[in-house]
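These are my notebook entries on a structure that I examined part by part. Each entry records what I looked up and what I found.

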Amino acid sequence: MIDLDLGWRTERLDLEPLTVAHATELTPLLDDPRLHEFTGGAPLSEAALADRYRRLEQRRSPGGDQGWGNWVMRVRATGRAVGTVQATLPADGPADGPAEVAWVVAREAQGHGYAREAARSLVARLRADGWAVVAHIHPGHLASQGVARAAGLSPTGEVHDGEVRWAGPPAAAP
């Protein structure tokens, strides 16, 4: 089963579990209203981001019904953080529903394939553990659609809160 407290490596990235300490490093990277164009909201202050990360580093929702996996994407060659990737998992395991994945990459780091690399790796890890995988993507967000396709997800035609549900093929038993 995927361990939400452990990171892993891809070809170019180190994926490290998100902690409150990452807020200082990530605040300037995520302080860009354009990153919220399709998802809504606005950039958070360092204090607000630290509060959010303090909740996320618990790796579980307050009610205990979801596991929260959040990892910082760090380019190994430079040591620079470039964004995050996440998975929300039903706490009772793959039989209880799909894992939902998402990603965000700082504007200056976009266009280098980091989100594709991290999402592809995360989806592969989840599927190897028996999870079905979904993502919800705004129909106008072409870059995220490309990331989802690269991770093996396809649009389903289902729309929820203005976002299209993307899903992968059924997961194999772990």
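Predicted model: local features only at pLDDT ≥ 70, side-chain atom pairs only at ≥ 80, totals over all residues.

Entry 1, a hairpin. I looked up strands S7 and S8 and found that they form a hairpin with two residues between them. I note that helices (H or I, at least four residues) and strands (E, at least two) are DSSP runs, numbered from the N terminus. S7 covers residues 154-160 and S8 covers residues 163-167; they pair in the antiparallel sense over four bridges. Two strands pair if DSSP finds at least two bridges between them. Valine 159 stands opposite valine 164 in S8.

Residues are numbered from 1 along each chain as its sequence is written, and side-chain values use heavy atoms, with hydrogens and water left out.

Most residues other than glycine have a negative phi. I found that aspartate 161, in the turn of the hairpin, has a positive phi of about 55° although it is not a glycine. Is aspartate 161 buried or exposed? At 71% relative accessibility, it counts as exposed (buried means under 20% relative accessible area, exposed over 50%, partly exposed in between, with a 1.4 Å probe and protein chains only). Arginine 59 is not a glycine either, and its positive phi is about 65°. Arginine 59 lies in the loop between H2 and strand S3 (66-75) and is buried, with a relative accessible area of 10%.

In H4 (residues 142-150), I found Ser144, Gln145, Gly146, Val147 and Ala148 to be buried. The buried residues of H4 pack against strand S5 (99-105), H3, strand S6 (133-137) and S8. Just after H4, glycine 152 takes a positive phi of about 90°.

I located leucine 126 in helix H3 (residues 114-128). At 0% relative accessibility, leucine 126 counts as buried. Leaving aside neighbours within four places in sequence, leucine 126 is in contact (heavy atoms within 4.5 Å) with residues including Ile2, Ala87 and Trp131.

Among the residues that make the contact are Leu26 and Leu30 of H1 and Leu49 and Tyr53 of H2.
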